[in-house]
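Hi,

Here is the structure I promised to pass on.

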Amino acid sequence: MISLAFWATVINYLDRQTLSVAAPVLRDQFHMSNTDYSRVLFAFLLAYTIMNGVSGPLIDRLGTRLGYGLCIAWWSAAALPHAAARGPVSLGAFRFLLGIGEAGNWPGGVKVVAEWFPEHERALASGVFNSGSAVGAILAPPIVVYIMAKLGWPAAFAAVGLTGFLWLLFWWPVYRTPANSGATRSAQTRRVPVRELLRSRFVLAFTFSKIFLDPVWYFYIFWFPEYLKRARGFDMASIGAYSWIPFAVAGVGNFAGGLLAGRLLRSLPVTIARKSAVTFFAALMLAAIPAVLARESWLSIALVSVAMFGYTGALANMLSLPADVFPGGAVASVYGLASMGSGFGGMLFTLITGWVVDRYSYVPAFIGFGIMPLICALILWTLAGPLDRHSVEQHVGQHQAIS
């Protein structure tokens, strides 16, 4: 079951990274500045942010099989018309449509984890499915560069868009909800109204923390190929040959995050174990600062790899937090609502990045994105409170609007 979520995430990132890899060509063809490019990215993140608040509750209401399937069907259909883009306006419009569907991937994956895995396995399971983002980002540069070289950039968008429909051929007949019984099943499947979730201290703090974590990843996936070309002088062949390396290292971070959490949970309460793991990996993301200052390109790529390893290690634990605190019937809603924070942060910091790079350089951008994850960790320690499902369920139990 988790392999289905893994492959959905691979496809999600293939669709997302096609633009990042093709950006150097499209920017030249459409005469886009860094600011223009940031606005195209903003269109995607605007839709992504809005729909995070919708897709999570939608998946909880429709069920994982139907809700998750609808999300990937939408984003696969939205990927195809990118081939017809004729400028930054039409490209931005198609990215907006893509963002509507792609917002459902992580609420859907988190719900798969909550349905199928116990507490001590969730971080590793989350790391497994989230490693699809790294695999998709690894595959995108060579695949997209090859298709562009043979058939042009429109064919690259069309070919990648078709992969989601292939996934649906496996998802629909295979996925099922595990057969829990009695009270266990009732506790896992009950939904919590969104208005009650928004009153939760944990949900508010979790949302706020993601404003300072996820935009770091958006920076790497959207801007790293551009950085290699504009700041390091790489051509398209070199981008295809080397830009996948940090994403390969990031893939390992997904498993490292899960393994560290599993080890800490043997001797520490879940609150301390999860927050400590997030903090450790957030500290590794400071490697972004020496990365942009390094004179040698190989060293810069190596340090970016360390920073991205830190991100995925932290995220493996962040993905587990909703299931630690809330019943399974609410986890997609919690993660979707919290991801509105990451989307908001992504929009804000993407526009800031374009403005800063146009007027200064990549140096202040890398410094800022190296520091931000520690702010995320600080918020979790000071504002999120204990990761205690019992206290949350007592609060929810005082209200009658539970399905």
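**Cavities first**

By class, four nonpolar, two polar and two charged residues make up the lining of the second largest cavity. For the classes, Ala, Val, Leu, Ile, Met, Phe, Trp, Tyr, Cys and Pro count as nonpolar, Asp, Glu, Lys and Arg as charged, and the others, Gly among them, as polar. A cavity here is a set of points on a 1 Å grid over the protein atoms alone where a 1.4 Å probe fits but cannot get out, and its lining residues have an atom within 4 Å of a point.

Before you go further, please keep in mind that this is a predicted model: local features need pLDDT of at least 70, side-chain atom pairs count only at pLDDT 80 or more, and totals for chains, interfaces and linings use all residues. Residues are numbered from 1 along each chain as its sequence is written, and side-chain values use heavy atoms, with hydrogens and water left out.

Back to that second largest cavity: it holds about 30 Å³ of space. A volume is the space filled by probe spheres set on the grid points, which are joined across faces, edges and corners. The lining residues are Asp 15, Thr 18, Ala 79, His 82, Arg 95, Leu 98, Phe 157 and Val 160. Helix 1, helix 4 (88–102) and helix 7 (153–174) are the elements that give two or more residues to this lining. Helices are DSSP runs (H or I, at least four residues), numbered from the N terminus.

By class, the lining of the largest cavity has eight nonpolar, four polar and three charged residues.

**Helices worth a look**

Helix 1 covers residues 2–30, which is 29 residues, and runs 40 Å from its first C-alpha to its last, close to the expected 42 Å. The expected span is 1.5 Å times one less than the number of residues. Along helix 1 there is a kink of about 65 degrees at Ala 23, shortly before the proline Pro 24; the bend at a residue is the angle between axes fitted to the seven residues ending there and the seven starting there. Buried means under 20% relative accessible area, exposed over 50%, and partly exposed in between (1.4 Å probe, protein chains only).

Just after helix 1 comes His 31, with a positive phi of about 55 degrees, in a residue other than glycine. His 31 sits in the loop between helix 1 and helix 2 (34–62). Is His 31 buried or exposed? His 31 is exposed, because its relative accessible area is 67%.

Helix 16 has end C-alpha atoms 31 Å apart, which agrees with the 32 Å its 22 residues should span. Since 16 of those 22 residues are buried, helix 16 is largely enclosed by the rest of the structure.

Helix 19 (residues 363–383) has 21 residues and reaches 31 Å, close to the expected 30 Å. Its buried residues include Phe 366, Phe 369, Met 372, Pro 373 and Cys 376. After helix 19 you will find Gly 385, whose phi is positive, near 75 degrees.

**Cysteines and a few single residues**

A disulfide is a pair of cysteine sulfur atoms within 2.5 Å, and by this rule the count is zero. Cys 71 is buried at 8% relative accessible area, and Cys 376 is buried at 0%.

Thr 350 is in helix 18 and is buried, with a relative accessible area of 4%. Thr 350 and Leu 46 are 304 residues apart in sequence and 11 Å apart in space, C-alpha to C-alpha.

Phe 280 belongs to helix 14 (residues 270–284) and is partly exposed at 46% relative accessibility. Trp 74, in helix 3 (residues 64–79), is partly exposed at 42%.

Cheers

Methods: On a 1 Å grid over the protein atoms alone, a cavity is a set of points where a 1.4 Å probe fits but cannot get out, and a pocket is an open set with protein on both sides within 12 Å along at least five of seven lines; lining residues have an atom within 4 Å of a point.
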